[in-house]
Amino acid sequence: MDSSMYREQIIDLYENPLNYGELDPADFSYEEDNPLCGDVIRIDVRLDEQNRVAEVAWSGDGCAISQASASLLTEEIKGLTLDEVKAFPKETLLELIGVQLSMARVKCALLSLKVLKAGAYGLPDPEEIHPGHKE
Amino acid sequence: MLDVAKIRADFPILTVESYPDVPLVFLDSAASSQKPTAVLEAMDTYLRTYNANVHRGIYRLSEDATNAYEAARAKVARFINAQDAAEVIFVRNATEGFNLVAYSWGEANISAGDEILLTEMEHHANIVPWQLLAQRKGAVVRYVPFDENGVLDLSNLAELLTERTKIFSFTAVSNVFGTINPVKQLIAAAKAVGAMTMIDAAQAVPHMPIDVQDFDCDFLAFSGHKMCGPTGIGVLYGKRELLEAMPPFMGGGDMIRRVTLEKSTWNDLPWKFEAGTPSIAEGIGLGATVDYLTHVGMAEIHAYEQYLTHYALEALSEVPGLKVWGPPASQKAGVAAFTLEKLHPHDIAELLDKDGIAVRAGHHCAMPLHKKLGLAATTRASFYLYTTPAEIDRLVEGLHRVRQIFRL
């Protein structure tokens, strides 16, 4: 059986996530869910004087891929500037996850990045744009 | 009992491998079923040898196509015991059937303050069209709750089903719990207060004998592709006098008698509700589907699935931490929606797929149901006439492997 997608690191991060929690206050926070599978991720970021990521935390619920991805992403962006966060390529995150993902699961893997960028760009809460969007 | 080995030989896809040397175990028939050779051939023969539009041509091919398409309608009418083939409207799927009634009947019959009664276990197809209608009209949508076993709680039915209720629309079989609802009892209760009834039979018609005259329902809808038939074809059954009184749903060709630049008059039933060129190959395919299911026997299919459901629930109970949602096997159609400790259904489904096992993970178009259970999603295995106990054993083995990988 080929279960390489669930290599040890993914399961480790699912069991023991990195940077899990919330930051209050934060310089930016964002939360979004994928109603199709019920994954929900929130990311809080504090910046230093040079606009670099000083502290980052994530919280949420979902599948092993989305959860592991959030741990890897939050670990990777520490010290990056706000502009670098905004430009963070999805390919880099997929490389960090390091497993072959089916098309349906790429969405799970990229939810954390979508949330991070929405926060970095200061997008309004999805609930304000589409009331009733969140289940 | 049904000879499943013989049945399986009728379905060419069942010899396909999911991955090299990993045979397919297809446990997602509640989403869409596989098709027997007889259905594929009926469609293929039409497309290869007498493909032409229906109800239009004077030439031989078109007449043959029209005859085959209308013969399919007559077969479907007999299959569900409709009085008259004109009561069988071909639509794309059950969803379109609900939309047709919500627009055509609903626009003419629902006013502000009227109530539409559904249940909490409905598929979105039997929720959203009514919500849209209620929004347009200022009507109210109410819901019969289900209990902790996934069975409708009828203790407060008298408060929910009142003279204000204009229509009670509910599913015959839950697509998540598998619960077989007491359709006749609910229809009788609706009639007692003068409410119309519509049945979601998408999970019922494929799996058990259905008799619309015995139900005495006003409307009933189902999809071809869940009953071994093609996608793109479904059925709305309606009582003739109701359909006669209803305005058209969609306008266009085939549904008119006469069109002038000022106004138009409508064709007879059932064509009044079938605007434009229909799904001809799919309609003919549905006729072959009905022949196939009739040949196997709906009572035999139901009995075999009851056996499978008992077998599956017992086998799944041996997986530690696994919970099957819904009633016990005796009250259930061939559906097992389950959770495995805190594991996300997408992880479960992805790992099962590596073993060739196709299950559905998600909310199965029943978000309100899942929300009430406090779940975002479940994993669902569903069975049909071609499912074997050995495939259920492979599901159970696969779930044990999922536990290992997640170190449970």
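In chain B, strand S16 and strand S17 (residues 378–382) run antiparallel and are joined by 3 bridges. Strands here, like helices, are DSSP runs numbered from the N terminus (E, at least two residues, for strands; H or I, at least four, for helices), and two strands pair if DSSP finds at least two bridges between them. Within S17(B), Thr379(B) stands opposite Ala361(B).

This is a predicted model, in which local features need pLDDT of at least 70 and side-chain atom pairs count only at pLDDT 80 or more, while totals for chains, interfaces and linings use all residues. Residues are numbered from 1 along each chain as its sequence is written, and chains are lettered from A and ligands numbered from 1 in the order in which they are written.

S16(B) and S17(B) belong to an open sheet of 4 strands with antiparallel pairing, in the order S13-S14-S17-S16. Strand S13 (322–325) and strand S16 (360–362) of chain B each have a single partner strand, so one side of each is left without a neighbour in the sheet. From one strand to the next the twist averages 30 degrees.

Two helices lie across these strands. H12(B) lies across S14, S16 and S17 of chain B, at about 160 degrees to S16(B). Such angles run from 0 to 180 degrees between N-to-C directions, with axes fitted to C-alpha atoms, for helices over the stretch in contact.

The contact between the chains takes 15 residues from chain A and 16 residues from chain B, where contact means C-beta atoms, placed from the backbone, within 7 Å. Helices H12 (345–354), H13 (367–373) and H14 (389–405) of chain B each supply at least two residues of the side that touches chain A. H12(B) gives the most, with 5 residues.
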